[in-house]
Amino acid sequence: MRILVLGSGAREHAIITALLRESPGHAITAAPGNAGIAGNVPVVPLDANDPVVVTAYAIEHAMDLVVIGPEAPLVAGVADALRERGIPVFGPSKAAAALEGSKTFAKRIMHEAGVPTGRAVRAGTLAEAEAALDEFGAPYVVKADGLAAGKGVLVTEDRAAAIDHTVFWLEHGSVLIEEFLDGQEISLFLLSDGETVRPLSPAQDYKRLGNNDAGPNTGGMGAYSPLPWLDTEFGSEQAFITEIIETVATPTIAQLAKEGTPFVGLLYCGLILTTDGIRVIEFNARFGDPETQVVLPRLVTPLSGLLLAASTGALAALPWPQFSSDVAVTVVLASENYPGTPQTGREITGLAEASAVDGVTIAHAATAVQGGALVSTGGRVLSVVAVGADFGEARDRAYEAVDQITLAGSQFRTDIAARVA
């Protein structure tokens, strides 16, 4: 197939890497891509958030499938424009993408569908937010209602910090004050064609900047897959997935279809296992980052067939995707001062040595070539991905590779997947 992948992060690099593993090969183009992606496939400097520009390019180059990686093009309606011209696209409509673009919308859909989730109050003023914070008590959970590039959520024991976060995001719109849910977090991706869902393997990510979950929230500092402790909690991974499909995914997809906004693409279920059972923390409308980097390397079923089936209403004809028994770990290398304003433009070296470690691949997130040197261009710069027979081997490989990479001022966690190794 001729496939256009929209996006410029490690998630898109992981998607492209999975597509490139297939035989026969595909003609893949990325827009706008990054330096690492450009080393694998052609890249074009398109504005991925512009429906007119993307659609014109897809038509001119006879694309068989467009895969939308980030959330911004979805909320901008890029998928709608492509579908109107009959181009298969993996990604929900603007209306269905509100499942991620508006946390208030997501909570309403969950309520209508009977999906288990925590209590929440939408606040448009500081007084409303303060009342909700005092009602729910500490730890305080404040979420920006709209897209916030992974920086809109604050969980804190400090009421003053919660108020500061609320004040900042009220300048951009409303906020949600939610009750705190305690337990192990789980990310589960489900492909949807608007009616049928097919699950991928679950993963767990690390949202806090520092070891032992210290420091501020980030877009994610690492992840691992599968989750061996699901066997203890649920008997098997399949039993867990079946429960999520029955209680979360299918009711949500059915509710969206009922409302005339069928969800076609990737339903990301952010879940938490509480003492009272599974609860949904959030939905996203696309592959998660960094979880994609550990889920797709284990995927045995060809990814292109799954994405095309979801895009064309044909998932019901496919069995559940199959995964390798290998495990995967990813460690994110971030710039100095991330998740604040990152120090960028610094040279990155050692990638050839890191990539030479057995089982390791490097997914670029924020890189460019300037003056012949590879440099950082954002907060999360690289995802070092390692596959192994067990978590001890995968962790050793990942950190051996990280040690080969030099980026002045960079930071990374040293405890990714330690709990399961």
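Reader: How many salt bridges are there between domain 1 and domain 3?

Author: This is a predicted model, in which local features need pLDDT of at least 70, side-chain atom pairs count only at pLDDT 80 or more, and totals for chains, interfaces and linings use all residues. Residues are numbered from 1 along each chain as its sequence is written, and side-chain values use heavy atoms, with hydrogens and water left out. The domain assignment, which is automatic or from a database, places domain 1 at 2-94 and domain 3 at 183-317. With a salt bridge taken as a side-chain nitrogen of Lys or Arg within 4 Å of a carboxyl oxygen of Asp or Glu, the count between these two domains is one.

Reader: What area do domain 1 and domain 3 bury between them?

Author: The C-alpha centres of domain 1 and domain 3 lie 21 Å apart. In contact (heavy atoms within 4.5 Å) are 24 residues of domain 1 and 24 residues of domain 3. Buried area is the accessible area (1.4 Å probe) that two parts lose on being put together, summed over both. Of the area here, 68% is on carbon and sulfur atoms, and the value is about 1,700 Å².

Reader: Which three residues supply more than any others of the area that domain 1 buries against domain 3?

Author: Together, these three supply 34% of the area on the side of domain 1. They are Arg 11, Phe 90 and Pro 92.

Reader: At what angle do the axes of helix H7 and helix H11 cross?

Author: Helices (H or I, at least four residues) and strands (E, at least two) are DSSP runs, numbered from the N terminus. Axes are lines fitted to C-alpha atoms, for helices over the stretch in contact, with angles from 0 to 180 degrees between N-to-C directions. The axes of H7 (residues 103-113) and H11 (residues 237-258) come within 9 Å, and their crossing angle is roughly 105 degrees.

Reader: Where does Pro 339 lie?

Author: The peptide bond from Tyr 338 to Pro 339 is cis, with omega near 10 degrees. Pro 339 is in the loop between strand S17 (327-334) and strand S18 (348-349).
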